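Colleague: I have the sequence and the coordinates open. Can we go through them together?

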Amino acid sequence: MDDMDRKILAELQQDGRLTVTELAARVRLSVSPCHRRLRELERSGAISGYRAVVEPAAVGLNFEALVFVSMRQEDRDTVAGFERAVGEVEHVLDAQRLFGEPDYLLRVATADLAAFQRLYDERLATLPGVQRLTSTLVMKHVVKDRALPA
């Protein structure tokens, strides 16, 4: 990855809907080489996909919480079962395995507190291997969906 690839990535992180012609103009490259570089970035996995960024409130998800998960045991089968099951919970927007305590951090979005409480009791607390859940509510986003540094 060179400086030109980084410029391409920076532009696409700002606007993933750019045409190849617009992208080429922004990075000061002719269209064909820009297109080749773009396809190589996609093929290599540097660009893993394209998506629309949707405001949660626009789809009725007005409540967000961070849930810290401590596992009862961390053997391979339990961890795999937990990770598979948490991946199936659509209201879990992000799930990260951590070093130390707690074992996982989940970012969850629901319609309201009552919906979060139901999700917490009926789905999250019943995930394989869960010993303890601790949650905190998100007051506001200070930095959100920031592009990676070029």
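Modeller: One term before we start: buried means under 20% relative accessible area, exposed over 50%, and partly exposed in between. Also keep in mind that this is a predicted model.

Colleague: Fine. Which residues of H1 are buried?
Modeller: Met4, Asp5, Ile8, Leu9 and Leu12 are the buried residues of H1. Seen down the helix axis, these buried residues fall within an arc of 140°, so they line one face of H1.

Colleague: Why would a spacing like that put them on one face?
Modeller: An α-helix has 3.6 residues a turn, so residues three or four places apart point the same way.

Colleague: And which exposed residues sit on the face turned away from the buried side of H1?
Modeller: Asp3 and Gln14 are the exposed residues carried there.

Colleague: What covers the buried residues of H1?
Modeller: The cover includes helix H2, residues 20–27, and helix H3, residues 31–44.

Colleague: What span should H1 have, and how far apart are its end C-alpha atoms?
Modeller: H1 has 12 residues, 3–14, and at 1.5 Å a residue it should span 16 Å. The end C-alpha atoms of H1 are 17 Å apart, which agrees.

Colleague: What does aspartate 2 do at the start of H1?
Modeller: A side-chain oxygen of aspartate 2 comes within 3.1 Å of the backbone nitrogen of methionine 4.

Colleague: Switching to the sheet. What is the strand order?
Modeller: The order is E2-E3-E1-E4, an open sheet of four strands with antiparallel pairing. E2, residues 92–97, and E4 stand at the edges with a single partner strand each, so one side of each has no neighbour in the sheet. From one strand to the next, the twist averages 20°.

Colleague: How many bridges join E1 to E3, and how many join E1 to E4?
Modeller: Seven bridges join E1 to E3, residues 104–110, and the two strands run antiparallel. Seven bridges also join E1 to E4, residues 130–137, again antiparallel.

Colleague: How many residues of E1 are buried?
Modeller: Seven of the nine residues in E1, 63–71, are buried, which leaves the strand mostly covered.

Colleague: Take serine 70, then. Buried or exposed?
Modeller: Serine 70, which is in E1, is buried at a relative accessible area of 4%. Leaving aside neighbours within four places in sequence, serine 70 is in contact with Glu101, Pro102, Asp103, Gly129, Val130, Gln131 and Arg132.

Colleague: Pro102 is on that list. What is the peptide bond from glutamate 101 to proline 102, cis or trans?
Modeller: That bond is cis, with omega near 0°. Proline 102 lies in the loop between E2 and E3.

Colleague: Back to threonine 110. How accessible is threonine 110?
Modeller: Threonine 110 has 2% relative accessibility and counts as buried. Its contacts beyond four places in sequence include Gly60, Phe63, His91, Ala115, Phe116 and Leu119. The side chain of threonine 110 also reaches the backbone nitrogen of phenylalanine 116, at 3.5 Å.

Colleague: Which strands does H5 lie across?
Modeller: H5, residues 113–122, lies across E1, E3 and E4, and runs at about 135° to E3.

Colleague: What about alanine 80, where is that?
Modeller: Alanine 80 lies in helix H4, residues 76–87. At 32% relative accessibility, alanine 80 counts as partly exposed. Alanine 80 and serine 70 are 10 residues apart in sequence and 15 Å apart in space, C-alpha to C-alpha.

Colleague: Last topic, backbone angles. What is phi of arginine 28?
Modeller: Phi of arginine 28 is near 60°, a positive value in a residue other than glycine. Arginine 28 lies in the loop between H2 and H3 and counts as exposed, at 77% relative accessibility.

Colleague: And what is phi of aspartate 145?
Modeller: Aspartate 145 also has a positive phi, near 50°, and its place is in the segment after E4.

Note on methods
Residues numbered from 1 in each chain as written. Predicted model: local features only at pLDDT ≥ 70, side-chain atom pairs only at ≥ 80, totals over all residues. Heavy atoms only, no water. Expected span 1.5 Å × (residues − 1). Buried < 20%, exposed > 50% of the residue type's maximum accessible area, 1.4 Å probe, protein only. Arc of directions from axis to C-beta. Contact = heavy atoms within 4.5 Å. Polar contact = N/O pair within 3.5 Å; in protein donor to acceptor, adjacent residues only side chain to side chain. Pairing = 2+ DSSP bridges. Axes fitted to C-alpha atoms, helices over the stretch in contact; angles between N-to-C directions.
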